[in-house]
Amino acid sequence: MVSLHTYTHTHAPRAKRKRYEEIREDWEKEYGPQRFSYKDLYKATEGFKDKALLGSGGFGNVYRGTLLKSKVEVAIKRVSHESTQGTKEFVAEIASLGKLRHRNMVPLQGYCRRSGELLLVYDYMSNGSLDKYLFTNERLKLSWTQRCKILQGVASALVYLHEEWEQVVLHRDVKASNVLLDADFNGRLGDFGLARLYDHGEIPQSTHVVGTLGYLAPELTRTGKATTMTDVFAFGAFMLEVACGRRPVVQQELPEKMILVDWVHDCWRKGSILETSDPSLGDDYVMEHMELVLKLGLLCSHLSPDARPSMRHVLHCLEGEAFLYEQALEGFPTDSASAATLVIGDDSSSVAASNASSLPQSCSVHTTLPSGR
Ligand SMILES: Nc1ncnc2c1ncn2[C@@H]1O[C@H](COP(=O)(O)OP(=O)(O)OP(=O)(O)O)[C@@H](O)[C@H]1O
Ligand SMILES: [Mg+2]
């Protein structure tokens, strides 16, 4: 049974009742703690004023607010959603996503529903999204050590989603703008599972394939089916953007540099992969680590999903607990179907153990890189 819950005070003026109107159905009772009232969210953001706007994305606007009772700072995402069916499943999913807890994920606190829209309530991340540090001059540039820590953090969040939670959770939109930075500049993955909204109703501007250009695995654009390997592909594009300090596709670039992964691959072939490192870092990076990140980025971007490493292997490599063999490429197959096999070995003994905030101090990188790009 659907009920339009309005401002409960019976003598409340009509305009106020309308202002706080929301949709609440009986079956939602079980999600009680995760259900926010629209009135609380409205008050938290002082009426969703422009000055509370943090940014806008493909799904809608995100506002900053402070919950009046608890004084907790939140980021509220307003998503237009004209769903007539599937809402129940979607709310069940939100509730289940709300149980995900990992130090490198933005906690999802709950939701609210109104006619034609869904509101998602996340913890507020005081240092904003990573893209602003990488691609604009607005803020301070991040050091190489900070970037390595962020990459390791996001990789471990994806391992958690893919392998450690009770069911496999696909992120489906890994990219720098969906990585938020907390007060200590830890990278935290946000917007997890949100792309599932497309499966649960009509969203304006929806297309069959969900994700962002430049991060979409080729098989995803063909089949529309997301897998853990399509997340790995997007993570590969993400690693390259963190190392190179630019977006995966930049139309204004020279033709040979326009598509980041192709440019890095070309430079790798010519033996000059470090040329692609973010110029704003100057020489302030550890060469071996930069090479590792760039080559891992290429491996994750392999055209063939079978040749991509799992997120766990990626994390082990970033932490120095596994290594990649780089074999001679002479006589290498050039079509992607028979492309190079990736060999990853566990070798904690040969590589110095990493500390949490940086890549391993000594890491000989042996990679078999993808061919046939
Ligand atoms: N939890 C949060 N804490 C602080 N700022 C946030 C939070 N979530 C989002 N933001 C800010 O809001 C902006 C818009 O986020 P949004 O997710 O809508 O856009 P996007 O990530 O660029 O695109 P997409 O719709 O593909 O996710 C972000 O760039 C970020 O600056
Ligand atoms: Mg986002």
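Reader: In this predicted model, which residue in β7 does Ala75 stand opposite?
Author: Strand β5 covers residues 73-80, and seven bridges join β5 to β7 (residues 117-123), the two running antiparallel. The residue of β7 that stands opposite Ala75 is Tyr122.

Reader: What is the order of the strands in the open sheet of five strands?
Author: The pairing in this sheet is antiparallel. Strands β3 and β6 (108-114) stand at the edges, each with a single partner strand, so one side of each has no neighbour in the sheet. The twist from one strand to the next averages 20°. The order is β3-β4-β5-β7-β6.

Reader: Is Glu46 buried or exposed?
Author: Glu46 belongs to the loop between α2 (38-44) and β3 (53-56), and its phi is positive, near 50°, although the residue is not glycine. Because Glu46 has 12 C-beta neighbours inside 10 Å, it is classed as exposed.

Reader: How many other C-beta atoms lie within 10 Å of Lys71, and is this residue buried or exposed?
Author: Lys71 is placed in the loop between β4 (60-66) and β5 (73-80). Its phi is near 65°, a positive value in a residue other than glycine. With 8 other C-beta atoms within 10 Å, Lys71 is exposed.

Reader: How many of the 17 residues of α7 are buried?
Author: Helix α7 (residues 228-244) reaches 24 Å from its first C-alpha to its last, close to the expected 24 Å. Just after α7, Gly245 has a positive phi of about 65°. The helix is largely enclosed by the rest of the structure, because the buried residues number 17 of the 17.

How values were computed. Residues are numbered from 1 along each chain as its sequence is written. Chains are lettered from A and ligands numbered from 1 in the order in which they are written. This is a predicted model: local features need pLDDT of at least 70, side-chain atom pairs count only at pLDDT 80 or more; totals for chains, interfaces and linings use all residues. Helices (H or I, at least four residues) and strands (E, at least two) are DSSP runs, numbered from the N terminus. A residue is buried if 20 or more other C-beta atoms lie within 10 Å of its own, exposed if 12 or fewer, and partly exposed in between; C-beta atoms are placed from the backbone. The expected span of a helix is 1.5 Å times one less than its number of residues. Two strands pair if DSSP finds at least two bridges between them. Axes are lines fitted to C-alpha atoms, for helices over the stretch in contact, and angles run from 0 to 180 degrees between N-to-C directions.
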